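Please keep the sequence and the structure in view while reading.

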Amino acid sequence: MHEASIALSLIDVAREVLREHGAARARAVTVRVGQWSSVVPEALEAAFPACAEGTPLEGAHLSIVRVPGVGECPNHGPVELDVTRGLRCPLCDAPTPTLLQGDELELDELELT
């Protein structure tokens, strides 16, 4: 479960934001997780509370925004990909090697107290 190390990294980033803004604690954290990021959102949600213990994020609510994968089809332009089909256009089955979105893992919002 590499999501625990991801949660620790997100907490480090959030702590830096707290320091930059002179805030002591965060009430809520929003993270954007792409469908193609190799992160299991449920595992991240499970790991976050334990990882946040003893930090300024202890007790903070974690919200995860799931970002669908979008590839660039040579025939149809941007298309939403089906992870079970791989990097192929769902309309014509052409390879879509360029992923336009869906691989992100980023701290989106931090609600300070």
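Is Arg85 buried, partly exposed or exposed? Arg85 is partly exposed, because its relative accessible area is 36%, which falls between the cut-offs of 20% and 50%. The model is a predicted one. Seven salt bridges are found in the structure, and its largest nonpolar core contains 22 residues.

**Sheet**

- An open, antiparallel sheet is built from three strands in the order E4-E3-E5.
- E4 and E5 are the edge strands; each has a single partner strand, so one side of each has no neighbour in the sheet.
- On average, neighbouring strands of this sheet are turned by 40° against each other, direction ignored.
- Two bridges join strand E3 (residues 70–73) to E5 in the antiparallel sense.
- Gly71 has Leu99 in E5 as its bridge partner.

**Nonpolar cores**

- In soluble globular proteins, nonpolar side chains tend to be buried together.
- Within the largest nonpolar core, the residues with the most contacts are Val29, Leu44, Phe48, Leu57, Leu62 and Leu110.
- Helix H1 (3–20), E1, helix H2 (41–52) and strand E2 (61–67) each give two or more residues to this core.
- H1 gives the most to this core, namely six residues.
- Leaving out residues up to four places away in sequence, Leu110 touches Ala14, Val17, Leu18, Ala26, Ala28, Val29 and Leu57.
- A second, separate core has five residues, among them Cys73, Val79, Cys89 and Ala94.

**Salt bridges**

- Glu104 and Arg32 form a salt bridge in which the closest N and O atoms are 3.9 Å apart.
- This pair links distant parts of the chain, 72 residues apart: Glu104 is in the loop between E5 and strand E6 (105–112), and Arg32 is in strand E1.
- Glu104 counts as buried because its relative accessibility is 15%, whereas Arg32, at 23%, counts as partly exposed.
- Another salt bridge joins the side chains of Glu42 and Arg66, at 3.2 Å from N to O.
- Glu42 is in helix H2 and Arg66 is in strand E2, so this pair ties together parts that are 24 residues apart in sequence.
- Glu42 is partly exposed with a relative accessible area of 44%, and Arg66 is partly exposed with 48%.
- The side chains of Asp93 and Arg85 meet in a salt bridge at 2.8 Å, N to O.
- Asp93 counts as partly exposed because its relative accessibility is 36%.

**Pro90**

- Pro90 sits in the loop between strand E4 (77–80) and strand E5 (99–101).
- With 36% relative accessibility, Pro90 counts as partly exposed.
- Apart from its neighbours within four places in sequence, Pro90 is in contact with Val79, Glu80 and Arg85.
- Pro90 and Ala24 are 66 residues apart along the chain, and their C-alpha atoms are separated by 47 Å.

**Thr30**

- Thr30 belongs to strand E1 (residues 26–34).
- Thr30 is buried because its relative accessible area is 14%, and the cut-off for buried is under 20%.
- Not counting residues up to four places away in sequence, Thr30 touches Ser63, Val65, Glu106, Leu107, Asp108 and Glu109.

Technical notes:
Residues are numbered from 1 along each chain as its sequence is written. This is a predicted model: local features need pLDDT of at least 70, side-chain atom pairs count only at pLDDT 80 or more; totals for chains, interfaces and linings use all residues. Side-chain values use heavy atoms; hydrogens and water are left out. Helices (H or I, at least four residues) and strands (E, at least two) are DSSP runs, numbered from the N terminus. Buried means under 20% relative accessible area, exposed over 50%, partly exposed in between (1.4 Å probe, protein chains only). Contact means heavy atoms within 4.5 Å. Two strands pair if DSSP finds at least two bridges between them. Axes are lines fitted to C-alpha atoms, for helices over the stretch in contact, and angles run from 0 to 180 degrees between N-to-C directions. A nonpolar core is a set of buried Ala, Val, Leu, Ile, Met, Phe, Trp, Tyr and Cys residues joined through side-chain atoms within 4.5 Å. A salt bridge is a side-chain nitrogen of Lys or Arg within 4 Å of a carboxyl oxygen of Asp or Glu.
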